[in-house]
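I opened the notebook to go through one protein model and write down what I looked up. The sequence and structure come first.

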Amino acid sequence: MASTVMIPEGTYALGQITIGGPCKAPINFIVQGTMKAPVDTSRFKAEAGWIAFQQIDQFTLFGGGVFYGQGKTVWGRKSPRSAYCNQLPINLRFNFITNSMVNDITSRDSKQFHINLLGCKNLTFYNIAISAPEESLNTDRWKSHWTEQINIQSITCGTEHGISMGSLGKYSNEEPVVGISVKNCTFTNTQNGVRVKTWPASHQGTAFEMHFEDIAMNNVGNPIIIDQEYCPHNQCNLKVAVKLVCSQEVPCQDVELGDINLKYNGSEGPTMSQCYRCFNRTSTGGRPGREGYWKRESVFALLDRAKGTSRPVPWPIEPIGSVP
């Protein structure tokens, strides 16, 4: 039988806390009220986050509650806009959580990242709302490291960085990122949409079986990014709709794009799409039941061939046109 912790409706002040296992039974954590973070974080442990759940199996977090980080009190004051504010707490950290689900919660105005995953396996997020104003600093909606079988569905993100896998490759012996599924999500006024990023000249590692489907993007700066030459702190902020930039030593493989319709909605066009050292495998023949003949070709070249057109890569997106 599962054990249950319930926080009823109301507003509650909560300091830095870690809720950790292992536990002898499944845990239901029901949050119906609003949890309010402290303004003063001087006593917080560095990089520990505001609320951390860790080393729990069969854990469920739900209830319609709000995790209110009070980020407005520190944005632009604790560290300059150009700096990485790693001393500020993440709203929610999930460390080494397995066979679990998080649904029907809201993360609001985090002082740094909203949700960070580390070493999780078979963890599902459903019906999550994440919000912060445009002036919030480095408040990525989602960060994932060293995870397996993560399902993210029905997420609504407003402003700032969107959903990111990585940054990967900063440390040696990093565990793979495997089996990430992001479906039926909406991004509005975010700087980025979906992103996989790796440090340049990074340590060896792998990330594969990542799927992004049914994603709606409204006024998103950089909708789709796979970047193995990650340039942090907006030092390389370009007008790029789709960016696929992979390393020369280990280029990206088996990348597929389809049914993408991104319409430029700005006055500073045209924007660009970049594709460097990124390849897909496409079948060009073979009989049923047998593997076809395979060839490697650029993802954008594949999209052009499907449309019967020929355009250079990168190509501009006309202000009234769209990426296929």
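My entries follow, from the whole chain down to single residues.

**Ground rules**

I am working with a predicted model, in which local features need pLDDT of at least 70, side-chain atom pairs count only at pLDDT 80 or more, and totals for chains, interfaces and linings use all residues. Residues are numbered from 1 along each chain as its sequence is written, and side-chain values use heavy atoms, with hydrogens and water left out.

**Entry 1: the whole chain**

I looked up the secondary structure first. The protein has one helix and 26 strands. Helices (H or I, at least four residues) and strands (E, at least two) are DSSP runs, numbered from the N terminus.

Next I checked burial. Of the 324 residues, 46% are buried. Buried means under 20% relative accessible area, exposed means over 50%, and partly exposed lies in between (1.4 Å probe, protein chains only).

I then looked up the surface. The accessible surface is about 16,500 Å², and carbon and sulfur atoms hold 48% of it. These areas come from the Shrake-Rupley method with a 1.4 Å probe; for residues, only the protein chains shown count as cover.

Last, I looked at contacts, meaning heavy atoms within 4.5 Å. Among contacts with a separation of 6 or more, 72% are between residues 24 or more positions apart.

**Entry 2: cysteines**

How many disulfides are there? I counted one disulfide, taking a disulfide as a pair of cysteine sulfur atoms within 2.5 Å. It joins Cys-246 to Cys-252, with 2.0 Å from S to S. The torsion about this S-S bond is about -100°, so the disulfide is left-handed.

I checked burial at both ends. Cys-246 is buried, at 0% relative accessibility. Cys-252 is buried too, at 13%.

Cys-157 counts as buried because its relative accessibility is 2%. I also looked up Cys-275, which is buried at 9% relative accessibility.

**Entry 3: aromatic rings**

A pair of aromatic rings is described by the distance of the centres and the angle of the planes. Rings of Phe, Tyr and Trp (its six-membered ring) pair if their centres lie within 6.5 Å; planes under 30 degrees apart count as stacked, over 60 as edge-to-face and the rest as tilted.

I found four aromatic pairs in the structure. One of them is Phe-53 with Phe-94: the centres are 5.6 Å apart and the planes are at 20°, so this pair is stacked. The pair links distant parts of the chain, 41 residues apart, with Phe-53 in strand E6 (residues 51-54) and Phe-94 in strand E9 (residues 92-95). Both Phe-53 and Phe-94 are buried.

Phe-94 also pairs with Phe-125. Here the geometry is edge-to-face, with 5.4 Å centre to centre and 80° between the planes. This pair also links distant parts of the chain: Phe-94 in E9 and Phe-125 in strand E12 (residues 121-131) are 31 residues apart. I read 0% relative accessibility for Phe-94, and 0% for Phe-125 as well.

Which residues make up the aromatic cluster? Phe-29, Phe-53, Phe-59, Phe-94 and Phe-125 form one cluster.

**Entry 4: two arginines**

Arg-108 sits over the face of Tyr-68, 4.4 Å from the ring centre. The rule I used asks for NZ of Lys or CZ of Arg within 6 Å of the ring centre and within 35 degrees of the ring normal.

Arg-93 lies in strand E9. Is Arg-93 buried or exposed? Arg-93 counts as buried, at 13% relative accessibility. Leaving out residues up to four places away in sequence, Arg-93 touches Glu-47, Ala-48, Gly-49, Ile-51, Ala-52, Phe-53 and Asn-116.

**Entry 5: backbone notes**

I looked up a cis peptide bond. It joins Gly-21 and Pro-22, with omega about 5°. Pro-22 is in the loop between strand E3 (17-20) and strand E4 (27-31).

Then I checked phi. Gln-58 is not a glycine, yet its phi is positive, about 60°. Gln-58 is in the loop between E6 and strand E7 (59-62). It is partly exposed, with a relative accessible area of 41%.

Asp-109 is not a glycine either, and its phi is positive at about 50°. Asp-109 is in the loop between strand E10 (98-108) and strand E11 (115-118). Asp-109 is buried, with a relative accessible area of 5%.
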